[in-house]
Amino acid sequence: MGENGQNKSIELPPTLSVRELADTIQASPIEIIKTLMANGVMANINQQIDFDTAAIVAAEMGFDVTLETQEAAGEDELGEIPLWRRVIADENPDDLVYRPPIVTMLGHVDHGKTTLLDAIRHTNVVEDEAGGITQHIGAYQVEHNNRSITFLDTPGHAAFTAMRARGAQGADIVVLVVAADDGVMPQTREAIAHAKAAQVPLIVALNKIDKPNADPERVNQQLAEIGLVPDEWDGDTIVVPISAKRQEGLEDLLEAILLIADNSDIRANPNGRVIGTVIEAKKDRSRGVLATLLIQNGTLNVGNIIVVGTAHGRLRAMFDHLGHQVEVAEPSAPIAVMGLNDVPVAGDLFQVVESDKQARAITRERKNILRSDAEKPRNAVTLEQLFDKFKAGEVRELRLIIKADVQGSLEPIKSSLADLGSGDISINVLHAETGNIGKNDVMLAAASKAIVVGFNVEADSAAESLADTEGISIRIYNIIYRLIEDIEMALKGMLEPETKESVIGHAEVRAIFKISRIGNVAGCYVQDGELLRNARARVMRGEEAQFDGEVASLKHIQDDVTEVRTGFECGITLKGFNDFETGDIIECYIVEEVPI
């Protein structure tokens, strides 16, 4: 119950998981599951429940519940609302105040991201680390016009997207660093795709303008061609000429960042629920676990108990980005903390809880879930499943990442897909580029709930491994019309799953027995693999298949069995086939669906 005995008011989305409901109302997942069971609903912690069910549970725990609007929640295009957004949406709008923008830098390798970060730090941060810890903590704050800006000192779109894939903010603003002498490169386009997928405003820092071969007009043209029309050309993209090496244009860049921040809803409640993101974490020999946290809502204090992933602990000490020991940290502040019992994963969300007992219960439950999830196969999100989500109102667009062998293949694919996306469900091509499918493509797909489509390319082993881990579907074609046809049929809900045949065993027919009311039974010896009762079988006589159909029965000695392995004898009957001959080979196989 809230103040004066009144219920607390919260908003909930149309659907959410049991875990998300527990996080939102700060209750134990086990308590939620028990309440659901008491109301006749059996659900595990990852199961999605609808608004009405969630409202009943929340009401029993002292909350007045209303259906959340998309605008209030900052809902993304897939209808999924990250926890940190829901926390801020639950705050009273009158309590929200401006918080410093969090900025990350993306761009092509060697275009000067790290040099620019160092230049801003040395120009705007007063170096005074006496008595503090001096090592790099992954983020720092600068002052400009009496306002703070937080920079993530972990450049690279891989880190940015990995955080977003874990439900974290990543950044409020992206600075895209482009070298004036080199122009837009493949990694530049990749970085733009990651920023656009995250729906984060973007500023271009046109670096190296001091070089003799710098050509700003050419770069502006390249930017315009990929949808970033410079403000000089009456476009919406701020392009700031700079020289990180000579520390020129840095003030203009900081001014542009604050301008974008003023036009964005970057706010938090310093007195509200504490939640934020892990930037870096490591184990220090003398201090134990040292984690850098970025606070997105609320105020963190020494002595608070936090939970992050499967780690928890009471904060023993906190240090700001200059290494000074502090007692309090407010929204957008990067802070190094001591006191966690384990090293958390960068990108994980942390939150403050009331007691050690609650922290241990939450982490214990999460460890159980991780163990349970590890035992389950990860199934890729298929086109059919996305269409089912669309029909359920969960998805309004199909997100694709396209890789092709040459530019001449990309253009017809993109234009054909644009023509398809005119119905109820749209097509959003997040990234289209030439070259093989790599790890970064899969990472972008994981963060954006997208499907990777390739044309005349291959997926490298690292990409395939990550796709398997993250449950990402990679689909490769060598005929353009097949690619377009499959996606068109998926949008219409008519795509039949592709199947793959896997041979699992061979057996030689050594004797034939006639049994009344059953027919002929083949007495076989299993040469390799295994025979399965619920599989299919081909009868091979030399090179020719005499029959292809279902296994009717499988016996070992007199017992009905479900499988017979290599080296054992068995009796087998096939549905609709009696013409066995000694020496026939029975090839047993299974048919599996291939994720589209």
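User: In which sense do strand S25 and S26 pair, and over how many bridges?

Analyst: Two strands count as paired if DSSP finds at least two bridges between them. Helices (H or I, at least four residues) and strands (E, at least two) are DSSP runs, numbered from the N terminus. Here S25, residues 451-455, pairs with S26 in the parallel sense over 4 bridges. Within S26, arginine 475 is the bridge partner of valine 453, and isoleucine 476 stands opposite glycine 454. This is a predicted model, in which local features need pLDDT of at least 70, side-chain atom pairs count only at pLDDT 80 or more, and totals for chains, interfaces and linings use all residues. Residues are numbered from 1 along each chain as its sequence is written, and side-chain values use heavy atoms, with hydrogens and water left out.

User: What is the strand order of the sheet, and which strands stand at the edges?

Analyst: The sheet is open, with 4 strands in the order S24-S23-S25-S26 and parallel pairing. S24 (426-434) and S26 (474-477) are the edge strands; each has a single partner strand, so one side of each lacks a neighbour in the sheet. On average, neighbouring strands are turned by 25 degrees against each other, direction ignored. Axes are lines fitted to C-alpha atoms, for helices over the stretch in contact, and angles run from 0 to 180 degrees between N-to-C directions.

User: Are the residues of S25 buried or exposed?

Analyst: In a regular strand the side chains alternate between the two faces of the sheet. Buried means under 20% relative accessible area, exposed over 50%, and partly exposed in between (1.4 Å probe, protein chains only). In S25, 5 of the 5 residues are buried, so the strand is largely enclosed by the rest of the structure. Ile451, Val453 and Phe455 lie on one side, Val452 and Gly454 on the other, and both faces are covered.

User: How do the axes of H8 and H14 cross, and which residues make the contact?

Analyst: Two packed helices are described by the angle between their axes and the distance between the axes. The axes of H8 and H14 come within 10 Å and cross at roughly 10 degrees. That makes H8 roughly parallel to H14 (under 35 degrees; over 145 is roughly antiparallel, 65 to 115 roughly perpendicular, the rest oblique). Contact means heavy atoms within 4.5 Å; H8 contributes Glu190, Ala193, His194 and Ala197, and H14 contributes Asn440, Asp441, Leu444 and Ser448.

User: Which strands does helix H14 lie across?

Analyst: Helix H14 (residues 439-448) lies across S23, S24, S25 and S26, running at about 180 degrees to S23.
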